[in-house]
Amino acid sequence: MSRFERVSNTWSRFQNRLYARLSQRQKTVTAFVSQPEPRTVGSFARGRQLVAGNLMFAGYLVESWDSILWDVEAPNIAFEVERQGFVWLDDLAAVGDVRAREKAQTWLWSWLEKHGNGRGSGWTPELTGRRIIRWINHALFLLRGADSAQSEAFFRSLAQQTWFLSKRWQSAQPGLPRFEALTGLIYAGLALEGLEELADPAVRALAQECEREIDAQGGISTRNPEELLDVFTLLTWAASALNEAGRGISPAHSAAINRIAPTLRALRHAEGGLARFHGGGRGLEGRLDHALALSHVKATRSDGLAMGYARLFGGRTSVIVDASLPPEGDASFNAHASTLSFELTSGRRPLIVSCGSGESFGVDWRRAGRATPSHSTLCLDGYSSARLSEPTGLSGLEALVEGPTHVPVEMSDVTDGHRFQGGHDGYSKVFGLTHARTLELTLDGRGLAGEDMLLAMDDTAKRRFSKVMDATVLTGVGFDVRLHLHPEVDAAVDLGGAAVSMALKSGEIWVFRHDGQFKLSLEPSVYLEKTRLKPRATKQIVLSGRAMEYATRIRWSLSKAQDTAVAIRDLNRDEPEFD
């Protein structure tokens with residue numbers, strides 16, 4: 001981190017502390033303009049864990065039935081950020097019973113006592129925006145059974161935090177943090193009596209952020225599908241709040257919603273979950289459908305890339321490919337070395353997946369999840385197609401660096417299906433080899449043909465590869481084509497080691513085959529989900545060999561060998577309407 005950045009961050013923290021203290025002088029409010037609706041959706045499973053005393057934030061688990069959340073010593077900054085944002089309130093509200101409400105109220109009153117006076121690390125614009133939204137959404141849940149003193153303290157703190165946001169939203173990092181700050185300010189300004197004038201500057205600023213941060217493809221710079229859903233959800237909430245207040249929304253705000261909705265549809269698998277790339281999960285069940293329905297945007301994306309992802313669709317099978325350059329700079333702090341990796345879902349059942357984000361399981365899992373071997377693509381000699389930088393500043397964040405600089409892509413229709421062709425030069429600097437991948441999905445979705453090639457593209461690349469060959473005493477460069485399987489897939493090596501059979505819970509049977517003299521094996525893997533206490537064990541198909549020439553070709557296929565009656569009922573079952 002440069003000296004300028006250190007000074008800037010120090011000044012920003014000082015300003016946050018100053019305005020947090022000044023907010024204590026602001027007059028309180030007494031009521032909402034209208035009864036708030038609980039728009040945020042939490043995880044019932046995680047809510048049950050919290051009620052049971054399993055406090056898990058940022059990969060650290062504290063087991064205690066009677067611990068006050070704020071009395072637990074935070075092991076790192078990420079833990080503190082996660083609990084200060086109050087997203088856990090969504091999870092407790094999802095449970096909604098007496099014990100969950102009592103825990104939520106106890107933690108809220110404790111926060112007011114310990115941090116409500118403008119002290120603590122939670123007084124940043126992005127965390128304040130995130131916290132205000134949850135407080136307002138779940139106000140009825142929180143205030144049920146509260147006495148007048150508690151209710152007064154609640155509204156007083158809301159007014160103080162809203163005033164703080166009005167002064168400090170500009171210091172939030174561009175992207176999702178700033179959208180959270182501005183949406184929180186709009187939300188509170190329109191919901192609380194007497195604070196309506198604070199919403200007007202935020203409405204104008206939100207329109208500017210929509211123009212600046214949402215690109216022509218309806219994507220964001222981090223290329224994180226779940227984060228895009230978070231931004232989209234915030235924009236639809238802000239639009240609903242403005243419309244309900246009779247104000248309407250700006251053209252830039254409306255245009256951003258119209259651009260994002262088709263992109264999210266393109267990033268959704270056949271079963272309704274998002275593709276899990278660049279730190280994003282599949283999204284809470286029903287959240288994407290709810291946001292799309294709330295937006296009233298019916299458009300879909302029919303061709304080209306969506307936020308840098310290619311989508312193939314046939315029958316009830318969806319394939320989504322990471323087909324663009326990885327994020328750069330500040331946008332890459334959660335990015336993965338996943339170029340040309342793909343996921344495949346058949347009907348309601350994921351088959352080929354990425355390991356996912358290990359952020360909620362600690363630093364080591366976070367790094368492991370970002371590496372190329374954790375994705376369904378080719379990995380060369382154990383190297384990732386990009387590197388992680390040294391940790392930056394107090395945050396300890398690691399940017400993605402030295403990744404591919406050129407990712408040509410072509411999509412086309414063939415006689416019996418759809419074809420994706422792409423390549424990247426992420427291995428060229430070290431090995432002189434370019435990875436090219438072709439995927440062809442049949443129209444009925446019953447077969448995916450894959451071809452991976454390692455090519456020395458020009459004389460410079462050939463000389464570099466020759467040096468590598470000399471260093472390995474002409475034994476070549478090892479490679480692995482990895483296909484990670486969903487935990488619910490039951491896989492076994494078949495046909496004397498020539499194939500892998502995969503049984504889905506629906507009764508479908510898929511078979512993996514390959515051409516050539518390569519080693520096929522079934523190895524352990526993990527599936528990382530943010531809502532679970534531990535990683536889930538699963539398996540991965542690994543096709544291994546060595547590149548000995550300037551051109552190496554690896555051909556393989558996935559084909560559906562069987563549909564049972566259970567699978568057919570699963571496919572034909574009535575589905576929710578996707579608006």
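**Stop 1: Asn224**

Select Asn224, in the loop between H10 and H11. This is a predicted model. Is Asn224 buried or exposed? Its relative accessibility is 6%, so Asn224 counts as buried; the cut-off is under 20%.

Now show the side chain of Asn224. It reaches the backbone nitrogen of Glu227 at 3.1 Å. Next, pick Gly280. Its backbone nitrogen lies 3.5 Å from a polar atom of the Asn224 side chain.

Which residues touch Asn224, leaving aside its neighbours within four places in sequence? Select Phe277, His278, Gly279, Gly280 and Met307: Asn224 is in contact with each of these.

**Stop 2: Thr233**

Move on to Thr233, in helix H11. Thr233 has 4% relative accessibility, so it counts as buried.

**Stop 3: Asp200 and Arg247**

Select Asp200 and Arg247 and show their side chains. They meet in a salt bridge, with N to O at 2.4 Å. What does this pair tie together? Asp200 belongs to helix H10 (residues 199–213), while Arg247 sits in the loop between helix H11 (225–244) and helix H12 (251–266), so the bridge ties together parts that are 47 residues apart in sequence.

Asp200 is partly exposed, at 33% relative accessibility. Arg247 is partly exposed too, at 38%.

**Stop 4: Glu488 and Arg349**

Next, select Glu488 and Arg349. They form a salt bridge, and their closest N and O atoms are 3.8 Å apart. Glu488 is in the loop between strand E14 (477–485) and strand E15 (490–494), and Arg349 is in strand E6 (residues 349–353), so this bridge ties together parts 139 residues apart in sequence.

Glu488 counts as partly exposed at 35% relative accessibility. Arg349, at 23%, also counts as partly exposed.

**Stop 5: Lys560 and Glu508**

Select Lys560 and Glu508. This salt bridge has its closest N and O atoms 3.8 Å apart. Lys560 lies in strand E20 (residues 551–562), and Glu508 in the loop between strand E16 (499–503) and strand E17 (509–514). The two residues are 52 residues apart and link distant parts of the chain.

Are these two residues buried or exposed? Lys560 counts as buried, at 11% relative accessibility. Glu508 counts as buried, at 1%.

**Stop 6: the sheet**

Stay with E20 and switch to a cartoon view. How many strands form the open sheet? There are 8, in the order E10-E11-E12-E13-E20-E17-E16-E15, and the pairing is antiparallel. Colour strand E10 (409–414) and E15: these are the edge strands, and each pairs on one side only. Look along the sheet for its twist, which averages 15° from one strand to the next.

Zoom in on E17 and E20. They run antiparallel, joined by 6 bridges. Select Phe512, then Leu558 in E20: Leu558 is the bridge partner of Phe512.

**Stop 7: helix H2**

Now select helix H2 (residues 44–51). Which of its residues are buried? Among them are Arg46, Gly47, Gln49, Leu50 and Val51. The cover over the buried residues of H2 includes strand E1 (54–57), helix H3 (77–84), helix H4 (88–95) and helix H5 (98–115).

Look just past the helix. Gly53 follows H2 and has a positive phi, near 95°.

By the rule used here, the count for the model comes to 24 salt bridges.

**Stop 8: helix H9**

Finish at helix H9 (residues 176–191).

Then show the surface around H9. The helix is mostly covered, with 15 of its 16 residues buried.

Methods: Residues are numbered from 1 along each chain as its sequence is written. This is a predicted model: local features need pLDDT of at least 70, side-chain atom pairs count only at pLDDT 80 or more; totals for chains, interfaces and linings use all residues. Side-chain values use heavy atoms; hydrogens and water are left out. A salt bridge is a side-chain nitrogen of Lys or Arg within 4 Å of a carboxyl oxygen of Asp or Glu. Helices (H or I, at least four residues) and strands (E, at least two) are DSSP runs, numbered from the N terminus. Buried means under 20% relative accessible area, exposed over 50%, partly exposed in between (1.4 Å probe, protein chains only). Two strands pair if DSSP finds at least two bridges between them. Axes are lines fitted to C-alpha atoms, for helices over the stretch in contact, and angles run from 0 to 180 degrees between N-to-C directions. Contact means heavy atoms within 4.5 Å. A polar contact is a pair of N or O atoms within 3.5 Å; within protein, one must be able to donate a hydrogen and the other to accept it, and residues adjacent in sequence count only if both atoms are side-chain atoms.
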